[in-house]
Amino acid sequence: MRQVLNTLFVMTQGSYLHLERETLKLEIDKQTKLRVPMHHIGGIVLFGNVMVSPFALHRCAEDGRSVVMLSEQGRFRARLEGPQSGNVLLRRAQHQLLDDEKRSVELMRMVVAGKLQNSRAVLLRGAREASSPEYAARLRLAADNLAGSIRALPQAIDADVLRGIEGQAAREYFDSFNALLRHNQDAFAMNGRNRRPPRDRINALLSFLYALLANECVSAVESVGLDPQVGYLHTLRPGRPALALDLMEEFRPLLADRLALTLINRQQIKPDDFEVRPGGSVQMSEDARRTLLTAWQQRKQDEVKHEQLGQSVPIALMPMVQARLLARFIRGESAEYTPYMPR
C-alpha cells in the first residue's frame, strides 16, 4: 500500500535529491528542505530542472522504485527502471494477441465500452448539478448520444470501426464539457480537446492530469509483467506506452476529468493560475500544480467499491487491479476483460 501511495513529487526548479545512508535528502540552494526515509518512498516523479545524485538513482533501480522525469509542465520525458523481471510467457501471449483479430477486437470493445460508460456517468452527474436547465438538457442529450455509441459497439467487428466510434464519442463528450463548469465558464471554456501544447486553461489542466494518470498506468502494467508498449486500441509507435494508454481510457473520466471539474467548480484552481505563453500555449503556475498534486494524492487514497472483487479498494490500487484482470484475459484465463465501471 505504501509503495503505491507514497510517491514523492519534486517540482521546485533547481532542487537536488541525494542519498544519505537510508534517507533521501532534498536540497534547494544547498539547504536541506526535506528528509524522507527511503523505505517510505514508493516512487519519485521529477518536474523540469530537478537533479538526482547517481547513488540515489542506483538505489531506486536496485529497490524497484521508478523515477519518472516530466517536463516542468508535466509532459513525460523519461522513466528509470531497474532490470526487468516480467513473465516472458505472459509477454509472449501479449504479442500473440496482436495477431488474434477476434480476441484483440473483443478487448478493444471492452476498453471503449468502459471509457464511454464512465464518460456518460460524468455527463449525467453534471446534468444533475448543472447551473442551468439549458446546460442540464445539453448534458443529458450528450449522455444519450454516448449511450447510442455504446449500443453500437457489439456490431463493430473491425478495429478501425471501434476507433471511429470512440473518436466520435470523445468529440461529443468534450463538446459538452463547458456545460459541466459552474464557475469561470468563459475563462475555462474548451474549444475541443487540444494538446502539445494545450491552447486553453482546461486543456492545460487535463493534459497535466493525463500525464500523471499515464504514469500510474505504466507502473500498473509493468507491475504484472506486461510490456507497456504493446497495446491494442492505441496503435504501436516507438516510445508510445500503448497498453498503458489502453488501460488509462477507463480511468480518464473518473479520475482525471472529474478531478479537474471539481477543482474548477470549487474554485481551488482559478483563471489567474495559468499563463498564456508566446505562440498561444497555456501552462499552469507552480502553485496551481501544487494544488493539483495535493488533490490528486488525496483522491488516490479514497476507497471505491470494485464490483468484481466484491470489496472496497483504494483508488491508488485500481490501475494495478485492472492490470491484473487484463493479464488474466491475455493469458486466456478469463473469457473477457471487464473494465472498472462504478455503479
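**Close-up views of a predicted model**

View 1. Ala130 is partly exposed, with 23% relative accessible area (buried means under 20%, exposed over 50%, and partly exposed in between, using a 1.4 Å probe and protein chains only). Please keep in mind that this is a predicted model: local features need pLDDT of at least 70, side-chain atom pairs count only at pLDDT 80 or more, and totals for chains, interfaces and linings use all residues. Residues are numbered from 1 along each chain as its sequence is written, and side-chain values use heavy atoms, with hydrogens and water left out. Ala130 sits in the loop between helix 4 (101-128) and helix 5 (133-152); helices are DSSP runs of H or I with at least four residues, numbered from the N terminus. Leaving aside neighbours within four places in sequence, Ala130 is in contact (heavy atoms within 4.5 Å) with Tyr135 and Ala136. Arg182 is 52 residues away along the chain, yet the C-alpha atoms of Ala130 and Arg182 are separated by 7.1 Å.

**View 2. Phe177 in the largest nonpolar core.** A nonpolar core is a set of buried Ala, Val, Leu, Ile, Met, Phe, Trp, Tyr and Cys residues joined through side-chain atoms within 4.5 Å. The largest one here has 92 residues, and Phe47, Phe177 and Leu226 have the most contacts inside it. Helix 7 (residues 201-223) gives the largest share of this core, 14 residues. Beyond four places in sequence, Phe177 is in contact with Met190, Ile202, Leu206, Asp257 and Leu261. Another core, of 14 residues, lies apart from it, and includes Leu26, Leu46, Val50 and Ala56.

**View 3. Glu216, a buried residue of helix 7.** Glu216 is found in helix 7 and counts as buried, because its relative accessibility is 15%. Not counting residues up to four places away in sequence, Glu216 touches Trp296, Lys300 and Pro319.

**View 4. Helix 3 against helix 11.** Helix 3 (residues 88-98) and helix 11 (residues 318-331) pack at an angle of about 70 degrees, with their axes 9 Å apart. Axes are lines fitted to C-alpha atoms over the stretch in contact, and angles run from 0 to 180 degrees between N-to-C directions. The two helices, helix 3 and helix 11, are therefore roughly perpendicular to each other (angles under 35 degrees count as roughly parallel, over 145 as roughly antiparallel, 65 to 115 as roughly perpendicular and the rest as oblique). Leu90, Ala93, Gln94 and Leu97 of helix 3 meet Ala327, Phe329, Ile330 and Arg331 of helix 11.
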